[in-house]
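Let us walk through this structure step by step. Keep the sequence and the 3D view side by side as you read.

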Amino acid sequence: MKVVAVVRDLFFVARIRETARLVGTRLSFARTPEEIAGVLGPSSPEPVHLAIVDLTTKDWDYDAIFAALDAAPGLPVLGFTTHALARSTQPLHARCRRVVTKETLTQELPDLLQRGLAA
């Protein structure tokens with residue numbers, strides 16, 4: 001399975017990277033729509049099975065990020081937020097198959113990286 005993580009927070013970059021290594025999941029990080037397109041594009045050596053998106057980064061253009069993710073029809077998107085920002089990130093929730101808090105993401109990360117959102 002391959003996962004793309006759209007994450008800037010260095011704590012979560014490290015956590016996702018290490019957990020992916022431990023469970024044997026191939027992982028790419030992207031921070032811009034162009035990087036997402038490169039990971040999802042036709043020149044990519046393998047398909048992506050899950051996108052994990054941090055919904056709490058204030059200066060990101062989420063319309064462009066989700067447009068880039070939409071280029072891979074059927075790609076499940078897992079968004080994550082915090083309890084404190086859940087209300088302000090609410091408009092983005094509809095663009096995700098599932099939205100969890102950072103705490104839940106941390107708890108479920110091994111299963112999510114191995115099985116995707118079917119877990």
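Helices here are DSSP runs of H or I with at least four residues, and they are numbered from the N terminus. With that numbering, leucine 69 lies in helix 3. Keep in mind that this is a predicted model.

Strand 1 (residues 2–6) pairs with strand 3 (residues 50–54) in the parallel sense, over 4 bridges. Within this pairing, alanine 5 stands opposite isoleucine 52 of strand 3.

In strand 4, valine 77 is the bridge partner of alanine 51. In a regular strand, side chains alternate between the two faces of the sheet. Follow the side chains along strand 4. Val77, Gly79 and Thr81 point one way, and Leu78 and Phe80 point the other way. Is strand 4 mostly covered or uncovered? It is mostly covered, with 5 of its 5 residues buried.

Next come the nonpolar cores. In soluble globular proteins, nonpolar side chains tend to be buried together. The largest nonpolar core in this model has 20 residues. Which of them touch the most other members? They are Ile36, Val53, Tyr62, Phe66 and Leu69. Strand 1, helix 2 (33–40), strand 3 and helix 3 each give two or more residues to this core. Helix 3 supplies the largest share, 5 residues. Take valine 53 as an example. Leaving out residues up to four places away in sequence, valine 53 touches Val6, Tyr62, Phe66, Leu69, Val77, Leu78, Gly79 and Phe80. There is also a second, separate core of 16 residues, and Val3, Ala5, Ile52 and Val100 are among them.

Two packed helices are described by the angle between their axes and the distance between the axes. Helix 2 and helix 3 pack at about 10°, with their axes 9 Å apart. Angles under 35 degrees count as roughly parallel, so helix 2 is roughly parallel to helix 3. On the helix 2 side, Pro33, Ile36 and Leu40 make the contact.

Leucine 69 is at 3%, so it counts as buried. Apart from neighbours within four places in sequence, leucine 69 is in contact with Ile36, Leu40, Ala51, Val53, Leu75 and Val77.

The aromatic rings come next. There are 4 aromatic pairs by count. Phenylalanine 11 and phenylalanine 12 form an edge-to-face pair, 5.1 Å centre to centre with 85° between the planes. Phenylalanine 11 is partly exposed at 46% relative accessible area, whereas phenylalanine 12 is buried at 6%. Tyrosine 62 and phenylalanine 66 form a tilted pair, 6.4 Å centre to centre with 35° between the planes. Both lie in helix 3, 4 residues apart, about one turn of the helix. Tyrosine 62 and phenylalanine 66 are both buried. Phe11, Phe12 and Phe80 make up one aromatic cluster.

Finish in a loop. Arginine 31 sits between strand 2 and helix 2. At 36% relative accessibility, arginine 31 counts as partly exposed. Leaving aside residues up to four places away in sequence, arginine 31 touches Val7, Arg8, Leu10, Val13 and Trp60.

Notes. Residues are numbered from 1 along each chain as its sequence is written. This is a predicted model: local features need pLDDT of at least 70, side-chain atom pairs count only at pLDDT 80 or more; totals for chains, interfaces and linings use all residues. Side-chain values use heavy atoms; hydrogens and water are left out. Two strands pair if DSSP finds at least two bridges between them. Rings of Phe, Tyr and Trp (its six-membered ring) pair if their centres lie within 6.5 Å; planes under 30 degrees apart count as stacked, over 60 as edge-to-face and the rest as tilted. Buried means under 20% relative accessible area, exposed over 50%, partly exposed in between (1.4 Å probe, protein chains only). A nonpolar core is a set of buried Ala, Val, Leu, Ile, Met, Phe, Trp, Tyr and Cys residues joined through side-chain atoms within 4.5 Å. Contact means heavy atoms within 4.5 Å. Axes are lines fitted to C-alpha atoms, for helices over the stretch in contact, and angles run from 0 to 180 degrees between N-to-C directions. Angles under 35 degrees count as roughly parallel, over 145 as roughly antiparallel, 65 to 115 as roughly perpendicular and the rest as oblique.
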